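Please keep the viewer open as you go through the points.

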Amino acid sequence: MAWPHRGAGLVYRRRTVAAGLCRFAVCARSRAQESCMKLLVVLLVILFGVWLWRSRRLAERQSEAPPKALQNMVTCAVCGVHLPQSEALTGARGLYCSAAHRQQAER
Ligand SMILES: [Zn+2]
(Lines give C-alpha, C1' and ligand atoms only; values in the text may rest on other atoms or scores of the structure.)
Protein backbone atom coordinates (compact mmCIF):
# COMPACT_ATOMS: atom_id res chain seq x y z
CA MET A 1 0.00 0.00 0.00
CA ALA A 2 2.81 2.38 0.82
CA TRP A 3 5.07 1.44 -2.13
CA PRO A 4 2.80 2.58 -5.03
CA HIS A 5 2.22 5.91 -3.31
CA ARG A 6 5.95 6.50 -2.89
CA GLY A 7 6.60 5.44 -6.51
CA ALA A 8 4.02 7.86 -7.81
CA GLY A 9 5.58 10.66 -5.81
CA LEU A 10 8.99 9.85 -7.25
CA VAL A 11 7.61 9.94 -10.82
CA TYR A 12 5.89 13.24 -10.10
CA ARG A 13 9.10 14.73 -8.72
CA ARG A 14 11.08 13.55 -11.78
CA ARG A 15 8.51 15.09 -14.13
CA THR A 16 8.64 18.45 -12.39
CA VAL A 17 12.43 18.44 -12.52
CA ALA A 18 12.36 17.60 -16.25
CA ALA A 19 9.74 20.28 -16.91
CA GLY A 20 11.80 22.80 -14.97
CA LEU A 21 14.89 21.96 -17.01
CA CYS A 22 12.96 22.26 -20.26
CA ARG A 23 11.50 25.59 -19.21
CA PHE A 24 14.94 26.80 -18.24
CA ALA A 25 16.35 25.79 -21.64
CA VAL A 26 13.51 27.57 -23.46
CA CYS A 27 13.88 30.69 -21.35
CA ALA A 28 17.64 30.75 -21.73
CA ARG A 29 17.27 31.04 -25.51
CA SER A 30 16.76 34.60 -26.62
CA ARG A 31 14.11 35.80 -29.08
CA ALA A 32 16.81 36.55 -31.64
CA GLN A 33 18.10 32.98 -31.46
CA GLU A 34 14.58 31.59 -31.86
CA SER A 35 13.86 33.71 -34.94
CA CYS A 36 17.27 32.74 -36.31
CA MET A 37 16.42 29.07 -35.87
CA LYS A 38 13.04 29.56 -37.58
CA LEU A 39 14.77 31.31 -40.48
CA LEU A 40 17.27 28.47 -40.74
CA VAL A 41 14.49 25.86 -40.81
CA VAL A 42 12.59 27.82 -43.50
CA LEU A 43 15.80 28.16 -45.52
CA LEU A 44 16.49 24.42 -45.26
CA VAL A 45 12.94 23.60 -46.38
CA ILE A 46 13.30 25.95 -49.37
CA LEU A 47 16.68 24.47 -50.31
CA PHE A 48 15.25 20.96 -50.07
CA GLY A 49 12.34 21.97 -52.31
CA VAL A 50 14.67 23.49 -54.90
CA TRP A 51 16.88 20.38 -54.83
CA LEU A 52 13.83 18.13 -55.28
CA TRP A 53 12.49 20.25 -58.16
CA ARG A 54 15.84 20.31 -59.96
CA SER A 55 16.43 16.57 -59.59
CA ARG A 56 12.97 15.80 -61.00
CA ARG A 57 13.51 18.22 -63.91
CA LEU A 58 16.85 16.62 -64.70
CA ALA A 59 15.27 13.14 -64.64
CA GLU A 60 12.51 14.33 -67.01
CA ARG A 61 15.04 15.78 -69.43
CA GLN A 62 17.07 12.58 -69.48
CA SER A 63 13.98 10.47 -70.19
CA GLU A 64 12.77 12.83 -72.96
CA ALA A 65 16.00 12.96 -74.97
CA PRO A 66 15.93 10.21 -77.61
CA PRO A 67 19.15 8.28 -78.00
CA LYS A 68 20.83 9.30 -81.21
CA ALA A 69 21.67 6.34 -83.39
CA LEU A 70 25.15 6.34 -84.76
CA GLN A 71 25.26 6.37 -88.54
CA ASN A 72 28.10 5.44 -90.81
CA MET A 73 29.30 8.29 -92.98
CA VAL A 74 30.33 7.52 -96.54
CA THR A 75 32.01 9.56 -99.26
CA CYS A 76 30.60 10.17 -102.71
CA ALA A 77 32.85 8.56 -105.36
CA VAL A 78 32.49 11.59 -107.67
CA CYS A 79 32.49 14.78 -105.61
CA GLY A 80 33.87 13.48 -102.30
CA VAL A 81 31.05 14.88 -100.15
CA HIS A 82 30.38 13.03 -96.88
CA LEU A 83 26.83 11.84 -96.24
CA PRO A 84 25.05 9.26 -94.07
CA GLN A 85 25.10 5.77 -95.52
CA SER A 86 21.29 5.62 -95.39
CA GLU A 87 21.05 8.60 -97.80
CA ALA A 88 23.72 7.39 -100.23
CA LEU A 89 22.89 5.81 -103.59
CA THR A 90 24.62 2.54 -104.32
CA GLY A 91 26.16 2.01 -107.74
CA ALA A 92 28.38 -0.56 -109.41
CA ARG A 93 31.57 1.45 -108.65
CA GLY A 94 30.71 2.75 -105.20
CA LEU A 95 28.42 5.05 -103.28
CA TYR A 96 27.12 8.40 -104.56
CA CYS A 97 25.43 11.47 -103.16
CA SER A 98 22.91 11.78 -106.02
CA ALA A 99 21.54 10.00 -109.06
CA ALA A 100 23.33 12.53 -111.29
CA HIS A 101 26.73 11.59 -109.86
CA ARG A 102 25.93 7.88 -110.16
CA GLN A 103 25.07 8.36 -113.86
CA GLN A 104 28.20 10.49 -114.37
CA ALA A 105 30.46 7.84 -112.82
CA GLU A 106 28.93 4.78 -114.48
CA ARG A 107 28.56 6.01 -118.05
ZN1 LIG B 1 28.54 13.51 -105.19
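The expected span of a helix is 1.5 Å times one less than its number of residues. Helices (H or I, at least four residues) and strands (E, at least two) are DSSP runs, numbered from the N terminus. You are looking at a predicted model, where local features need pLDDT of at least 70, side-chain atom pairs count only at pLDDT 80 or more, and totals for chains, interfaces and linings use all residues. Residues are numbered from 1 along each chain as its sequence is written.

**Overall layout**
- The protein has three helices and four strands, and their order along the sequence is α-α-β-β-β-β-α.
- Of the 107 residues in the protein, 4% are buried (20 or more other C-beta atoms within 10 Å of a residue's own; exposed means 12 or fewer, partly exposed in between, with C-beta atoms placed from the backbone).
- Among contacts (C-beta atoms, placed from the backbone, within 7 Å) with a separation of 6 or more, 9% join residues 24 or more positions apart.

**Helix H2**
- Helix H2 covers residues 31–64, and its 34 residues should span 50 Å at 1.5 Å a residue; the end C-alpha atoms are 50 Å apart, which agrees.
- The count of buried residues in H2 is zero, so this helix is hardly covered.

**Val 74 in strand E1**
- Val 74 sits in strand E1 and is partly exposed, because 19 other C-beta atoms lie within 10 Å.
- Leaving aside residues up to four places away in sequence, Val 74 touches Leu 83, Gln 85, Ala 88 and Leu 95.
- Val 74 and Leu 95 are 21 residues apart along the chain, with 7.4 Å between their C-alpha atoms.

**Gly 80 in a loop**
- Gly 80 belongs to the loop between strand E1 (73–75) and strand E2 (82–84).
- With 8 other C-beta atoms within 10 Å, Gly 80 is exposed.
- Gly 80 and Cys 97 are 17 residues apart in sequence, and their C-alpha atoms are 8.7 Å apart in space.

Technical notes
Contact = placed C-beta atoms within 7 Å.
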